[in-house]
Amino acid sequence: MTDIKELLLSRIRDVADYPEPGVMFKDITPLLADPAAFTALTDALAEIAERTGATKVIGLEARGFILGAPVAVRAGLGFIPVRKAGKLPGATLAQAYDLEYGSAEIEVHAEDLTAGDRVLIVDDVLATGGTAEAAVQLIRRAGADVAGLAVLMELGFLSGRARLEPALNGAPLEALLTV
């Protein structure tokens, strides 16, 4: 695992003062542009999907789509996008959650999750955990089980893990990198 961590870290670029002064943005686009690194990431996340017994993968808008879709394909599972409110046609389930300043809402197609599904949530970064926690609530409201949460990077200083662990109720939270 050390080799993959080194590979992934070497392909993540720090961008100072983005999107605002004082923030060190972790840019994953160089990782996505490198086929060896992107394949290693996809394989590692697909292995988590298989180990957790997931039957479906949810990707959180928007970078969770980029990571989650190839993970689902690699693991032989269905992929479900969780979108910002108002982006999906048809019947949806919605879940509001709090942001640092205000609130937001995410949605999933109501028919895409059913009882008996075991869902792995995939995203690029775990920060404060608000979006992931809302996804956990959506999955459960649809009658499905949460198999776990897998992310490329956890920003440990933002304490998202502490927020999420009670909501996950024993389901694993796996970060390939912690920064």
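In this predicted model, the buried residues of helix 3 pack against helix 1 (2-10), helix 2 (29-33), helix 4, strand 7, strand 8 and strand 9. The largest pocket holds about 1,200 Å³ of space, and 33 residues line it, with Arg63, Val125, Ala127, Leu155 and Leu158 the closest to its centre.

**Helix 3**

- Helix 3, which runs over residues 35-51, has 17 residues and reaches 24 Å from its first C-alpha to its last, close to the 24 Å expected at 1.5 Å a residue.
- The buried residues of helix 3 are Ala37, Ala40, Leu41, Thr42, Ala44, Leu45, Ala46, Ile48 and Ala49, and among the elements they pack against are strand 7 and strand 8.

**The largest pocket**

- At least two lining residues of the largest pocket come from each of strand 2 (24-27), helix 4 (63-75), strand 5 (92-99), strand 7 (118-126), helix 5 (130-141) and strand 8 (145-154).
- Strand 7 makes the greatest contribution to this lining, with 4 residues, and strand 7 is also one of the elements against which the buried residues of helix 3 pack.
- Sorted by class, the lining of the largest pocket consists of 19 nonpolar, 5 polar and 9 charged residues.

**Helix 6**

- In helix 6 (residues 160-168), the buried residues are Gly160, Leu164, Ala167 and Leu168; because they cover an arc of only 95 degrees around the axis, they lie on the same side of helix 6.
- The exposed residues Ala162 and Pro166 are carried by the face of helix 6 that is turned away from its buried side.
- The cover over the buried residues of helix 6 includes strand 7, helix 5, strand 8 and strand 9 (173-178).

**The loop between helix 6 and strand 9**

- Ala171 lies in the loop between helix 6 and strand 9, and at a relative accessible area of 16% Ala171 is buried, because buried means under 20%.
- When neighbours within four places in sequence are left aside, Ala171 is in contact with Val146, Ala147 and Gly148.
- Between Ala171 and Leu126 there are 15 Å in space, C-alpha to C-alpha, and the two are 45 residues apart in sequence.

**Other backbone details**

- The peptide bond from Tyr18 to Pro19 is cis, with omega near 5 degrees, and Pro19 has its place in the loop between strand 1 (13-16) and strand 2.
- A cis peptide bond also joins Glu61 to Ala62, with omega near -5 degrees, and Ala62 lies in the loop between strand 3 (56-60) and helix 4.
- Ser159, found in the loop between strand 8 and helix 6, has a positive phi of about 60 degrees although it is not a glycine, and at 44% relative accessibility Ser159 counts as partly exposed.

Note on methods. Residues are numbered from 1 along each chain as its sequence is written. This is a predicted model: local features need pLDDT of at least 70, side-chain atom pairs count only at pLDDT 80 or more; totals for chains, interfaces and linings use all residues. Side-chain values use heavy atoms; hydrogens and water are left out. On a 1 Å grid over the protein atoms alone, a cavity is a set of points where a 1.4 Å probe fits but cannot get out, and a pocket is an open set with protein on both sides within 12 Å along at least five of seven lines; lining residues have an atom within 4 Å of a point. Grid points are joined across faces, edges and corners, and a volume is the space filled by probe spheres set on the points. Ala, Val, Leu, Ile, Met, Phe, Trp, Tyr, Cys and Pro count as nonpolar, Asp, Glu, Lys and Arg as charged, and the others, Gly among them, as polar. Buried means under 20% relative accessible area, exposed over 50%, partly exposed in between (1.4 Å probe, protein chains only). The arc is that of the directions from the helix axis to the C-beta atoms. Contact means heavy atoms within 4.5 Å. The expected span of a helix is 1.5 Å times one less than its number of residues.
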